[in-house]
Amino acid sequence: MSLDPANPLAQFRQTYFEECAELLDALQSQLELLSNGGGDEETLHAIFRCVHSIKGGAGAFGFAALVAFSHVFESLLDAMRDKRIAATPDVVPILLRASDALADIVSAARDDQSLPAGFAADITVALEELLGAAAAAAVEAPALIAAVGTPTGAPVGTPTGAPVGAPIGGPTGASDEIRYRIEFTPHSEMLQKANEPLLLIRQLHRLGGLSVEVDSSRIPSLAAIEPEAAYLSWIFTLDTGAPQSAIDEVFEFVEDDCDLRVQVLHTQVPQLRVPEAGVPTVVASAEGSGPATAPDATQGELHVAAAPSVHSIRVDVDKVDRLVNLVGEMVITQAMLTEQSSLLPADQYPVLIQGIEALAQSARELQESVMAIRAQPVKSVFARMPRIVRDLAAILGKEARIVTTGEMTEIDKTVIEQLNDPLTHMIRNSLDHGIEPPEVRVACGKPRQGTIHLAAAQQSGRIVIEVSDDGRGIDREKVLAKAQDRGLVAAGAIVSDEEIDNLIFLPAFSTAEKVSNISGRGVGLDVVKRNVQSLGGRIHVQSRLGAGSRFILSLPLTLAVVDGMVVSVGSETYIIPLTAIIESLRPRPSDIHPVVGRGDVLALRGEYVPLIYLHRSFSIENAIANPCHGIVIIVQSESAGRLGVVVDELLGQQQVVVKSLEANYDQVDGVSGATILGNGRVALILDIARLREADGQAGAMRLEPGGARRFGAIDQAVLH
């Protein structure tokens, strides 16, 4: 959203909605924890704080619909914190629906869109019914009612008879607790922003022993009363071991709508008698009696808490992206300087060469630090998946759970932003096509409830995300028959299991018996593969009929930089990612063995490694064709295993800035991107797994008459 210079609140409004996005993610995570039976009292507090924070900001910007809904939501959560409503299996789904509605209302407020008439009315009614049932089942304590005002028909200023300053739930002897006097006078318009004093009092009560004095002297005559105006004020005496910052947090969202004074009375609370009542002690001063007597000045001075140390700041993403781009350009310039310095005699320019080497080291550290700023845990994406599983399982009539591991694995922000759609499609595919109905699972000797496992880990400089299930697996006979019916596979063609599995990624391919709003149109896994490839990633599937399937995504940790080995092939220069390289060697002629239909392999310590000739893959002339005269680089790929890449020579190791080929040209098989070298030339960055696939296609083209891109009667362009 662009900022309007004429509107000074525009920046704060944008910051508010950024915080709302974080709060909604946290709200969803805590609700998932609660729905899985793993929540506790602190979970309810965290859920309440999320909704309360959203409501507080909404009141400041005048989002009436958001304030109204979050107020009802917050009231129910407060009742749950007070154990007046239990988090039963009937209540938690209502909380989840309320969370969804809250997210939609926030989105509408952010985009300045009007909500349909009666939006979320059914959810609001459900929340109010729960609150009404709780109120009918409980007897409200008179003292607690007096804490926020006198009910209609009751005289103002009736004391409870309990001594002022006797805390409930306080200590029975001397302790390290501090006694605070808190003077709280709301401004007239505070209630109009949906700020409820009762909630503030309850939050204070949770910090320790609390007594309350109500000052009703500002209440006008009945004819002059404004229904939405605030007239009462309070003086609290709080005994707590919590820091003053905890008190400040209670009044965080009303500090601009009230007069607040916090004063230390005692630094050590003496032994006190605890009354039998279970609510804060209240004394109301009637009109004309004057305010409560102020404490003696010798009891303590106004205490100002030290400002908490700030460990993080909020920075606009555009600024971070610009910083990344500038650092990238600096790295390119530094590489050019290093290239030119290599031409200088070291004995004549030792200081200059030493300075350039120091610059290279500093540039590398700066690059790594800047990239770390963009890294985020995948938890923000993983946290959305349990809800998808639960809702879809209910629609399909299946029982399933999701188990996640590696949620704190970090990856570049730009990659995270594009992970949600692929993961959502794969989760839906596992649940719809993989997990069987409960009665079928029981008949097969499986647990009634299916399990989907979502995992993330870093491997060889990439992030590997796995989505696996214990369902029925891929029925390859059914998939092959469907492909043959559609003419994708020639009748009688010999097709490997891997090639059959890859058919499910074809556009518009589906084995569903009927089309529904969940499956049958063949767009799910096709979208997954296109999105993953657009990120420079790969996807492949492993499956066993009756045991389940395993989808493996391999993505780059960052799209901005890569450590690579610079190699030459003929007159061309290429970059091989350093994380994929195992070793390099010059083989003997006796180590090279041809395999009919497969090309050459290298015998290496009892293992046969397929060889890829880059000059053949990219049609480069004047390159070294004999691997015994060049260099073989042994690389590791997630899907293709070990490979030997034949090049002319190694030119050195270098950290390079990745430039997208897709954005500036077109996708090239076997290439993940490009970079600018120190000499100003453009070098292609190789994608080892896709390079193996491209080499296989090239081999098939050489074998078939006319060079048609067909292998086993399957179009390799769509299979890979």
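This is a short tour of one protein model, stop by stop, for you to follow in your viewer.

Before you click anything, know that the model is predicted: local features need pLDDT of at least 70, side-chain atom pairs count only at pLDDT 80 or more, and totals for chains, interfaces and linings use all residues. Residues are numbered from 1 along each chain as its sequence is written, and side-chain values use heavy atoms, with hydrogens and water left out.

**Stop 1: a pair of helices**

Select glutamate 74 and lysine 55. They form a salt bridge, with the closest N and O atoms 2.6 Å apart; the term means a side-chain nitrogen of Lys or Arg within 4 Å of a carboxyl oxygen of Asp or Glu. Side chains of opposite charge can pair when their charged atoms come close. Glutamate 74 sits in helix H3 (residues 64–81) and lysine 55 in helix H2 (residues 41–61), 19 residues apart. Helices here are DSSP runs of H or I with at least four residues, strands are runs of E with at least two, and both are numbered from the N terminus. Glutamate 74 and lysine 55 are both buried. Buried means under 20% relative accessible area, exposed means over 50%, and partly exposed is in between (1.4 Å probe, protein chains only). A search of the whole structure finds 23 salt bridges.

**Stop 2: a charged network**

Now pick arginine 441. Which side chain meets arginine 441 in a salt bridge at 2.9 Å, N to O? One is glutamate 436, which is buried at 5% relative accessible area. Arginine 441 is buried too, at 0%. Arginine 441 lies in helix H15 (residues 438–443) and aspartate 470 in the loop between strand S10 (462–469) and helix H16 (476–485), so the pair ties together parts that are 29 residues apart in sequence. Aspartate 470 is partly exposed, at 22%. Bring in Lys446 and you have the whole set: salt bridges that share partners join Glu436, Arg441, Lys446 and Asp470 into one network.

**Stop 3**

Go to serine 549 in strand S12 (residues 548–556). Is serine 549 buried or exposed? Buried, with a relative accessible area of 8%. Its side chain makes a polar contact with the side chain of serine 543 (3.0 Å). That term means a pair of N or O atoms within 3.5 Å; within protein, one must be able to donate a hydrogen and the other to accept it, and residues adjacent in sequence count only if both atoms are side-chain atoms.

Next, click alanine 455 in strand S9 (residues 450–459). Alanine 455 is buried, at 14% relative accessibility.

**Stop 4: two loops with a positive phi**

Alanine 120 has a positive phi of about 60° although it is not a glycine. Look for alanine 120 in the loop between helix H4 (92–110) and helix H5 (121–137), where it counts as buried at 10% relative accessibility.

Arginine 605 also has a positive phi, near 50°, and is not a glycine. Find arginine 605 in the loop between strand S17 (599–604) and strand S18 (607–613). At 65% relative accessibility, arginine 605 counts as exposed.

**Last stop: a methionine**

Finish at methionine 336 in helix H9 (residues 317–341). Methionine 336 counts as partly exposed, at 33% relative accessibility.
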